[in-house]
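Work through the exercises below with the sequence and the model open side by side. Each task is followed by a solution that goes step by step.

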Amino acid sequence: MSSSKNTSLILVVSMAACIVALEEEDKRQRPKYWVSPYLQERALKGRYASDFQNLLQTPSMFFENFHMPQKSFNTLFGMVEQYLIPKRNTRPDAIPIKAKLAIVLEFLASGDLQRHIGSTYRISKQHFGVILLQVSIAIWTALRDEFPKWTTGNMLIVDGKHVAIKGPPNCGSLFYNYKGFHSIVLMAICNAHYRFTYIDVGAFGSEGDMNAFSHSALGKQLLLDQLPFPEDNVINGHRTPYYIVGDDAFPLHKRIMKPYSGKDLHREERIFNYRLSRAHRCIENAFGILSARWMAVQRTLLSNPCKAQKIIVACCALHNFLMRESPATYSMQEIPSTVLTDLRPCRRGRPQDFSKEVRNNLKEYLNGSAGSVPWQDESAGVQRN
């Protein structure tokens, strides 16, 4: 009787052990998380699998979708690939690195919603957000040398651009700018070829251009005149310091030239403002090219400020990369310049007085025979004396 009970007990324990073993095996074979059937078909029906090779065969369509020629895409991929290689890859359905770059470039170029771009590539919204951040960081890391170091010859014009973002929770008016929307500030300096020579991204929209600039590392150095500039030149008989052109939002400074303000300006002042605005168009055109190529910075970024900052920096790096790789052609009429040798010492007083004197001297030069151009009166809306 006892032997029969022991045998029955052993059978029960064996069956229980088998059930546990089968359940463990089932758990190992079962996916750790649920994946939508739509996303599971990414390798066969996703946009990268179904369309990318066809786009390569049609250069115009490729450019329309990624805003760069195939040659530039391949060059860029070769530069960022090393920063996107995963440390380990255990998933059989892992997204190819080139697909990740294509996904992010199409998002940046179109400015479309993340969930829409993700759905065309059959990637979840959450996974798309991770890829966007990874690729943005990789682009900046690979292309950071596209921004030349500050030298005596690569400065020109400074300005700021407010990039719209979704207002973070409980932020109040911190990111709310004077234009009436939430933003972070892109502060940039560019050269005559529309390439950014300096950028600073992330200032609160409520700060405005001047505060964002004065709080940046370069702005602090410039306002203290601690940056290397070329030796003073001679214009209209006066020693004249080199300067950066800014708009009316910036202060008049030895190293920052701004237009005359006010409505009732004299003819000479209006012509000076016009000529200064022609130089300032470089940074406006650079921002225009940036926004046209990468429409993500033209529309509202539905990302937190930290992530938005990395996206904007990546767009600026791509801008410089493409201005070098496949620059557009712009015809700009040269403004003649004459160096005079009749030196007269500049009066020295308060820094603001000296800056005003420099501006007045430039005004006289641009209205004189040596510095004027034939079309400036008509373009400035004034009558010739």
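## Exercise 1: The setting of a threonine

Thr240 counts as buried, at 3% relative accessibility, where buried means under 20% relative accessible area, exposed over 50% and partly exposed in between (1.4 Å probe, protein chains only). The model is predicted, so that local features need pLDDT of at least 70 and side-chain atom pairs count only at pLDDT 80 or more, while totals for chains, interfaces and linings use all residues. Residues are numbered from 1 along each chain as its sequence is written, and side-chain values use heavy atoms, with hydrogens and water left out.

Task: determine where Thr240 is placed and which residues Thr240 touches, not counting residues up to four places away in sequence.

Solution. Begin with the secondary structure, in which helices (H or I, at least four residues) and strands (E, at least two) are DSSP runs numbered from the N terminus; Thr240 belongs to strand E5, residues 238-240. Next, list the contacts, meaning heavy atoms within 4.5 Å: beyond four places in sequence, Thr240 touches Asp232, Asn233, Ile235, Val358, Asn361 and Leu362. Finally, look at the side chain itself, where a polar atom of Thr240 lies 3.2 Å from the backbone oxygen of His238.

## Exercise 2: Salt bridges across the chain

Task: find how many salt bridges the structure holds, and then work out which parts of the chain are linked by the pair Arg47 and Glu106.

Solution. Apply the criterion, a side-chain nitrogen of Lys or Arg within 4 Å of a carboxyl oxygen of Asp or Glu; the structure holds ten such salt bridges. One of them joins Arg47 to Glu106, with the closest N and O atoms 3.0 Å apart. This pair links distant parts of the chain, since Arg47 is in helix H4 (residues 47-56) and Glu106 in helix H7 (residues 97-110), 59 residues apart. As for accessibility, Arg47 is buried at 14%, and Glu106 is buried as well, with a relative accessible area of 10%.

Solution. Elsewhere, salt bridges that share partners join Glu146, Arg195, Arg324 and Glu325 into one network.

## Exercise 3: The course of a helix

Task: compare the reach of H12 with its expected span, and locate where H12 bends.

Solution. First take the length: H12 (residues 267-293) has 27 residues and reaches 38 Å from its first C-alpha to its last, close to the 39 Å expected at 1.5 Å a residue, the expected span being 1.5 Å times one less than the number of residues. Then examine the axis, where the bend at a residue is the angle between axes fitted to the seven residues ending there and the seven starting there; H12 bends by about 35° at Ala279.

Notes: A polar contact is a pair of N or O atoms within 3.5 Å; within protein, one must be able to donate a hydrogen and the other to accept it, and residues adjacent in sequence count only if both atoms are side-chain atoms.
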